[in-house]
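Here's a quick briefing on the fold shown below. Have the sequence and the 3D view open as you go through it.

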Amino acid sequence: MMRYISEAINFEVIRWFALRAKAAYDQEAQIKAVFPDTIRVSIVPGTDVQYFLEFDPKAGEQIISIRGTDNLQNFKQDAEYIPSKNKQLHIYVHSGFDADTYKVYLDILPFLRKELRVKLTGHSLGAAISTLLMIYLHADGFDIARSINFGQPKLTNKEGVNRYEFLPLTRVVDENDVVPLLPPVTLLDSLHGLYEHLGDEIILLEGPYYAYLEQHDAERKSVWSFWENIGEESVSEHYMANYIKNLDSKLADALPVPYAQRETYINKQAE
């Protein structure tokens, strides 16, 4: 099958998704005040995952926005799970992400409408769940619209990517965010293959600059010392506030640069 190629990159559209990915961390009253078409906000039992569901019948859409964990220690534990075979999806997936996704799937399914297209978004752990939930809903026959995630870790291997590469997913990552490179390479990868990313990738650089990849370059930086050096400051680039700030700088003028030259455009404004 042909890999899904992103439509013309529109940072207003990307920001539309980003505002929802950020709002998924808020309380129910705050979410409904900003997004009045929200029909459900749920913290899924047995998880640290919250999502909210909007209906837009005029546009023929339902939008699912999923938060990540706000606890870095929990994320570390989640990221260290090994892959396992999902017999329903027929691929190896990150077992920790999949366990949470299946609970979200069971929680949200009774509220979805089959006649509406599904858009999904999420950040961090929520982005991984969003992608897996997209696959579950596709398998159920839902029409999946273009979806955009932020700071997503990897969740399957090459076999899984090849099986579902047709799905309309774009991942947005900050060049300095190491979380999209997780889980790191381990000896366990020899059993089922390296973790790889599904979907195309927009890499946010300083100011108006960005790079675009049809396929993620898993070797673009090392993450071996990530957990040893983790702290609020060292992962500030991972938070949604940073993503939205970075997107805002591209609304008036967004300039693509070759991936191989991207380092020229990191911290350019500070020089």
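This is a predicted model: local features need pLDDT of at least 70, side-chain atom pairs count only at pLDDT 80 or more; totals for chains, interfaces and linings use all residues.

Residues are numbered from 1 along each chain as its sequence is written, and side-chain values use heavy atoms, with hydrogens and water left out.

**Overall picture**

- The protein chain has 8 helices and 13 strands (DSSP runs numbered from the N terminus: H or I over at least four residues for helices, E over at least two for strands).
- Of its 271 residues, 54% count as buried (under 20% relative accessible area with a 1.4 Å probe, protein chains only; exposed is over 50%, and partly exposed sits in between).
- Take the contacts in the protein chain between residues at least 6 apart in sequence: 75% of them join residues at least 24 apart (a contact being heavy atoms within 4.5 Å).

- Strand β1 (residues 38-43) pairs with β2 in the antiparallel sense, over 5 bridges (strands pair if DSSP finds at least two bridges between them).
- Within that pairing, Val-41 has Phe-52 in β2 as its bridge partner.
- The β1-β2 hairpin has 6 residues between the strands, and Gly-46 there takes a positive phi near 85°.
- On to the next pairing: β2 and strand β3 (residues 61-66) are antiparallel too, over 6 bridges, and Leu-53 has Ile-64 in β3 as its bridge partner.
- β2 and β3 also form a hairpin, with 4 residues between them and a positive phi of about 70° at Gly-60 in the turn.
- Strand β2 (residues 50-56) has 6 of its 7 residues buried, so it is largely enclosed by the rest of the structure.

- An open sheet of 5 strands runs in the order β7-β9-β11-β12-β13, with mixed pairing.
- Its edge strands are β7 (147-150) and β13 (255-256), each pairing on one side only.
- Strand β12 (residues 209-213) and β13 run parallel, joined by 2 bridges; Tyr-209 has Leu-255 in β13 as its bridge partner.
- Helix α1 (residues 11-23) packs on the sheet, touching β7, β9 (169-174), β11 (200-204) and β12, and its direction makes about 60° with that of β7 (axes are lines fitted to C-alpha atoms, for helices over the stretch in contact, with angles from 0 to 180 degrees between N-to-C directions).
- Helix α5 (residues 125-139) packs on the sheet as well, touching β7 and β9, with its direction at about 155° to that of β7.

**A look at α5**

- α5 has 15 residues and reaches 21 Å from its first C-alpha to its last, close to the 21 Å expected at 1.5 Å a residue (the expected span is 1.5 Å times one less than the number of residues).
- Since 13 of its 15 residues are buried, α5 is largely enclosed by the rest of the structure.
- Gly-141 follows α5 and has a positive phi, near 95°.

**Salt bridges**

- The count comes to 10 salt bridges (a side-chain nitrogen of Lys or Arg within 4 Å of a carboxyl oxygen of Asp or Glu).
- Glu-54 and Arg-20 meet through their side chains at 2.8 Å, N to O. Glu-54 lies in strand β2 and Arg-20 in helix α1, so this pair ties together parts 34 residues apart in sequence. Both Glu-54 and Arg-20 are buried.
- Glu-175 and Arg-262 form a salt bridge with their closest N and O atoms 3.3 Å apart. This pair links distant parts of the chain, 87 residues apart: Glu-175 is in the loop between β9 and α7 (189-192), and Arg-262 is in the segment after β13. Both Glu-175 and Arg-262 are buried.
- Glu-28 pairs with Lys-32, their closest N and O atoms being 2.8 Å apart. Both lie in helix α2 (residues 28-34), 4 residues apart, about one turn of the helix. Glu-28 counts as partly exposed at 36% relative accessibility, and Lys-32 is partly exposed at 34%.
- Glu-61, Arg-117 and Lys-119 are linked in a network of salt bridges.
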